[in-house]
Amino acid sequence: MRAQSAEATLPPATQERSRASLERVLDATVALLVQRGATGFTVAEVSTLAGVAVGTIYGRVGSKEALLLAVSARELDRIDADMAESLADAAEQGGDLVDAIAHLIDARLTILTREATLLRAIIRAADDYPAAAGRGHTSGSVVQRTVTDALARVCDRFGITVTTDDLYWAGDVVEAVATHHLSIGLPDHAAPARRVDSDEFAQRLTETVASFLLARAGMSDPAPPTASRSRR
């Protein structure tokens, strides 16, 4: 289920023209946020880039902080919806547990890699504008539930019986290791010192998650995935 949308955080735009201008404002804010960070631009610069008067922007959002919250809501809604669709499809792929988990991890890494720059910017914006942080926490819960549900579907397909806590642990491992690998949510000085090739990373993470689930189910360790998948 999609979380609170950007429109829900703002007064309703009743006319098509008003909705279109709001989208231009949000698009411009995203562009500036990614380029400069949350403190590196002004609402006046958003106004110039979007072609919407400053007074109109303030009339719709009230403050820069509210504008950043609206951007976070819209973009995280989009990313979370893409993830839910992608993982639901991936959970039906693969001929055995290891291959199916490899599909899931590939799907999650594909989205995280594609959205990494924007996610870093949104997370850092919340440090300077705390009101925008709540939307990120909501998205975190959505992600945890979506990844866990996908892992549960894979385990059900192959008769692997584990507890809900085990599934949540495996999902948390995927998220923690993947986001660390891509430096999402880390300050620049804390980026991983040792980089691992993307395909090797995906294979190692697949083996880790599959081995954990099989061990918790009282089954033997899996063979490694037979084929790598490229991410963009």
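The buried residues of helix H1 are covered by a set of elements that includes helix H2 (43–50), helix H3 (54–61), helix H4 (64–90) and H5. This is a predicted model.

**Helix H1**
- H1 spans residues 16–36, which is 21 residues.
- From first C-alpha to last, H1 reaches 30 Å, close to the 30 Å expected at 1.5 Å a residue.
- Buried positions in H1 are Ser21, Leu22, Val25, Leu26, Ala28, Thr29, Val30, Leu32 and Leu33.
- Helix H4 and H5 are among the elements that cover these buried residues.

**H5 against H7**
- Helix H5 covers residues 97–128, and helix H7 covers residues 164–181.
- Their axes come within 11 Å and cross at roughly 40 degrees.
- That angle makes H5 oblique to H7.
- The crossing of H5 past H7 is right-handed.
- On the H5 side, the contact is made by Ile105, Arg108, Leu109 and Leu112.
- On the H7 side, Val174, Glu175, Ala178 and Thr179 meet them.
- The residues of this contact divide into 5 nonpolar, 1 polar and 2 charged.

**Val142 in helix H6**
- Val142 lies in helix H6, residues 133–157.
- Val142 counts as buried because its relative accessibility is 7%, and the cut-off for buried is under 20%.
- Val142 and Ala81 are 61 residues apart along the chain, with 9.6 Å between their C-alpha atoms.

Definitions and conventions:
Residues are numbered from 1 along each chain as its sequence is written. This is a predicted model: local features need pLDDT of at least 70, side-chain atom pairs count only at pLDDT 80 or more; totals for chains, interfaces and linings use all residues. Side-chain values use heavy atoms; hydrogens and water are left out. Axes are lines fitted to C-alpha atoms, for helices over the stretch in contact, and angles run from 0 to 180 degrees between N-to-C directions. Helices (H or I, at least four residues) and strands (E, at least two) are DSSP runs, numbered from the N terminus. Angles under 35 degrees count as roughly parallel, over 145 as roughly antiparallel, 65 to 115 as roughly perpendicular and the rest as oblique. A crossing is left-handed if the near helix is turned anticlockwise from the far one by less than a right angle, and right-handed if clockwise. Contact means heavy atoms within 4.5 Å. Ala, Val, Leu, Ile, Met, Phe, Trp, Tyr, Cys and Pro count as nonpolar, Asp, Glu, Lys and Arg as charged, and the others, Gly among them, as polar. The expected span of a helix is 1.5 Å times one less than its number of residues. Buried means under 20% relative accessible area, exposed over 50%, partly exposed in between (1.4 Å probe, protein chains only).
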